[in-house]
Amino acid sequence: MPVPSAPELQAEALRTSLHGRGQRLTPQRQRVLALFERIGEGAHLSAEEVHLRLLRAEERVSLATVYRTLRLLSSMELLRELELPEGGRRFELASHDQHRDHHHLVCVRCGQTEEFESTAVLEAGQWAAGSHGFRLLECVLNVRALCPRCAAAEGAP
């Protein structure tokens, strides 16, 4: 009996999880998740960018379906949603390892997003939670800034 490939195992795990929710694994859902798995951790895409990449790969899926699928995969903790103050939302492949508590530098002009890790931020989150009697579940910081290209365009240092 042949050993299933990683994509086949992931599709089966997704199928089982969806079935448990009374839903089915559609080709569109599988394509969206496969896109994030191909680009890997650290990539932050908007729904529009997901839609455009799928169209470029000649994978037909409507923008409305992409929005619904991103919400569903986020609720299943397969993707993580990053809400930006400028009104945009970006999605990334969920990580269940040491990379979970990471932070984001977000360019307020072009939306470029870079990840970084900081022990100081985690310690501050732990201190803040503990000092108010909370139990820390996650510590994520979004830093609004200008990327080097946008800063240069504005003549800022």
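**Entry 1: salt bridges**

I began with a definition: a salt bridge is a side-chain nitrogen of Lys or Arg within 4 Å of a carboxyl oxygen of Asp or Glu. I worked on a predicted model, in which local features need pLDDT of at least 70 and side-chain atom pairs count only at pLDDT 80 or more, while totals for chains, interfaces and linings use all residues. Residues are numbered from 1 along each chain as its sequence is written, and side-chain values use heavy atoms, with hydrogens and water left out.

I found 2 salt bridges in the structure. One of them joins the side chains of R90 and E49, at 2.7 Å from N to O. R90 belongs to strand β2 (residues 89-93) and E49 to helix α3 (residues 47-56), so this pair ties together parts that are 41 residues apart in sequence. Helices (H or I, at least four residues) and strands (E, at least two) are DSSP runs, numbered from the N terminus.

I then looked up accessibility, where buried means under 20% relative accessible area, exposed over 50%, and partly exposed in between (1.4 Å probe, protein chains only). R90 is buried at 12%, whereas E49 is partly exposed at 30%.

A salt bridge also links the side chains of R89 and E81, at 2.4 Å from N to O. Here R89 is partly exposed at 43%, and E81 is partly exposed at 34%.

**Entry 2: the sheet**

I traced an open sheet of 3 strands in the order β4-β3-β5, with mixed pairing. Its edge strands are β4 (113-116) and β5 (142-145), each of which pairs on one side only. Neighbouring strands of this sheet are turned by 25° against each other on average, direction ignored; the axes are lines fitted to C-alpha atoms, for helices over the stretch in contact, and angles run from 0 to 180 degrees between N-to-C directions.

Two strands pair if DSSP finds at least two bridges between them. β3 and β5 pair in the parallel sense over 4 bridges. I noted that C107 has A145 in β5 as its bridge partner.

**Entry 3: H104**

I located H104 in strand β3 (residues 103-107). Is H104 buried or exposed? H104 is buried, with a relative accessible area of 2%.

I recorded a polar contact of 3.2 Å between the side chains of H104 and H44. A polar contact is a pair of N or O atoms within 3.5 Å; within protein, one must be able to donate a hydrogen and the other to accept it, and residues adjacent in sequence count only if both atoms are side-chain atoms. Leaving aside residues up to four places away in sequence, H104 touches several residues, among them H44, L82, E92, F116 and V143. Contact means heavy atoms within 4.5 Å.

**Entry 4: the nonpolar core**

I looked up the largest nonpolar core, which has 19 residues. Such a core is a set of buried Ala, Val, Leu, Ile, Met, Phe, Trp, Tyr and Cys residues joined through side-chain atoms within 4.5 Å. Those with the most contacts inside this core are V32, F36, V50, L54, V66, L70 and L79. The elements giving two or more residues to this core are α2 (27-39), α3, α4 and β2. Not counting residues up to four places away in sequence, V50 touches V32, L35, F36, L45, V66 and L70.

**Entry 5: positive phi**

I noted that E58, a residue other than glycine, has a positive phi near 60°. E58 is in the loop between α3 and α4 (63-75) and is exposed at 69%.
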